[in-house]
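This report describes selected local features of one structural model. The structure is shown first, and the commentary follows.

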Amino acid sequence: MGTQSTDQDYSNKQMSEIDAKQKKIDEWLPITSSRNAKWWYSAFHNVTAMVGAGVLSLPFAMSELGWGPGVAVLILSWIITLYTLWQMVEMHEMVPGKRFDRYHELGQHAFGEKLGLYIVVPQQLIVEVGVCIVYMVTGGKSLKKFHDVVCSTCKPIKQTYFIMIFSSAHFLLSHLPNFNSISGVSLAAAVMSLSYSTIAWSASLHKGVQPDVQYGYIAKTPAGTVFNFFSALGDVAFAYAGHNVVLEIQATIPSTPEKPSKGPMWKGVVVAYIVVALCYFPVALIGYWMYGNSVKDNILISLEKPAWLIAMANMFVVVHVIGSYQIYAMPVFDMIETVLVKKMNFQPTTMLRFFVRNTYVALTMFVAITFPFFGGLLGFFGGFAFAPTTYFLPCVMWLSIKKPRKFGLSWWANWVCIVLGVMLMVVSPIGGLRQIILQAKDYQFYS
């Protein structure tokens with residue numbers, strides 16, 4: 001009898017040791033380590049995650065979509081993504097006493113342990129790593145533009161070097177341990193995104209409608225028009241892709257049964273979405289209205305003068321992209337560190353973190369320098385991974401977990417989102433790929 005109870009004590013002791021170890025690991029991991037965020041943290045984290053440098057390509061996307069479809073797509077995307085975002089916030093704590101701190105944990109709950117990982121993780125990684133790479137390119141380009149505007153007589157410096165200069169900031173910032181510690185960076189980034197959007201549309205407005213403005217489609221052939229249309233859909237999908245880090249942001253908000261985290265989180269999301277509308281709609285509509293189909297794929301390039309304003313806007317873009325890179329890199333760091341510590345039993349040390357994060361920044365920098373064709377990549381990635389994670393994965397999870405009444409409002413809303421999302425996923429990579437092929441024809445490596 002005595003041996004049995006000691007065995008039980010021993011196994012209980014083992015269990016509590018394992019729990020304690022898990023807790024310690026959770027306190028070390030970037031996403032679950034600090035849960036004392038305020039609701040406004042979630043607001044500016046969401047703004048930073050949502051308003052990408054994608055906003056600057058919206059007038060160009062409008063020129064490929066045309067007035068009617070363009071406005072419709074912008075508004076529809078805004079509504080659908082707000083709805084799927086609400087679903088994510090609701091689903092974060094729908095199992096009492098448990099929080100889904102990461103997108104793939106929710107996926108595992110909805111689709112099962114194995115399948116959930118296989119569905120969510122590849123897409124989430126494509127999105128997060130893709131965004132990091134694209135932002136490396138954007139940061140480098142904006143720095144180069146800043147240099148060329150401020151000092152037009154200097155000897156030109158290769159874009160490669162500017163991407164390296166830009167990544168140097170990340171070799172430092174990546175070592176901030178968790179989401180709350182980057183809230184300062186994120187706040188700066190959110191303010192910047194509002195500022196450069198405002199500069200973009202107010203400067204366009206100030207220049208007035210160009211004398212020879214045309215609103216027709218720019219492509220000469222019907223096929224070209226259709227492909228451009230597809231690609232523009234991808235650009236818009238990319239502009240609304242903040243969902244990949246929503247649960248990770250919500251995980252930092254404290255939660256009790258009487259005051260769940262979805263209250264403050266939703267408040268933050270609504271504020272973020274209002275800011276998003278203030279950034280997106282004026283830029284897209286005014287930019288297209290003033291320049292018509294001759295608008296460049298980055299609206300700041302269309303505005304040549306006044307030089308100081310353009311230089312300032314480009315610097316704002318750089319600051320914002322630094323913040324966004326960090327927000328999208330954090331869940332990736334979390335995944336890598338989780339695998340290393342939980343699966344491969346590395347000790348959770350600062351050294352491990354130093355090594356992991358520097359390697360990641362170096363890799364994204366290398367890829368950015370190798371393939372800097374910015375626009376096409378957006379359309380391609382945008383459709384391939386952004387459409388699912390933003391437009392229809394939340395709906396599929398909602399249907400499989402909540403099981404709403406067939407043919408009820410919720411059921412219809414979700415199915416409409418799923419159908420639109422799947423269509424978007426199919427057509428926009430086609431347009432993006434074509435643009436990449438056209439741009440890559442005359443591209444020299446490391447030029």
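F407 is exposed because its relative accessible area is 55%, where exposed means over 50%, buried under 20% and partly exposed in between (1.4 Å probe, protein chains only). The loop between α15 (374-402) and α16 (409-440) holds F407. F407 is not a glycine, yet its phi is positive, at about 60°. Helices here are DSSP runs of H or I with at least four residues, and strands are E runs of at least two, numbered from the N terminus.

The model is predicted: local features need pLDDT of at least 70 and side-chain atom pairs count only at pLDDT 80 or more, while totals for chains, interfaces and linings use all residues. Residues are numbered from 1 along each chain as its sequence is written, and side-chain values use heavy atoms, with hydrogens and water left out.

V89 belongs to helix α4 (residues 67-91). V89 counts as buried because its relative accessibility is 2%. Leaving aside residues up to four places away in sequence, V89 touches V246, Q250, K262, M265, W266 and V269, contact being heavy atoms within 4.5 Å. The C-alpha atoms of V89 and L247 are 7.1 Å apart in space, although the two residues are 158 residues apart in sequence.

Helix α3 (residues 58-65) packs with helix α9 (residues 222-239) at an angle of about 145°, and their axes are 8 Å apart. Axes are lines fitted to C-alpha atoms, for helices over the stretch in contact, and angles run from 0 to 180 degrees between N-to-C directions. From α3, L58, A61, E64 and L65 take part, meeting residues of α9 that include F229, L233 and V236.

The largest pocket has a volume of about 650 Å³. A pocket is an open set of points on a 1 Å grid over the protein atoms alone, where a 1.4 Å probe fits, with protein on both sides within 12 Å along at least five of seven lines; lining residues have an atom within 4 Å of a point. Of its 20 lining residues, R102, H104, E105, T338 and K342 are the closest to the centre. Helix α13 contributes the most to this lining, with six residues.

The table sets out the residue classes of the two regions.

| Contact of α3 with α9 | eight residues | two residues | two residues |

Methods. Nonpolar A, V, L, I, M, F, W, Y, C, P; charged D, E, K, R; others polar. Points joined across faces, edges and corners; volume = space filled by probe spheres on them.
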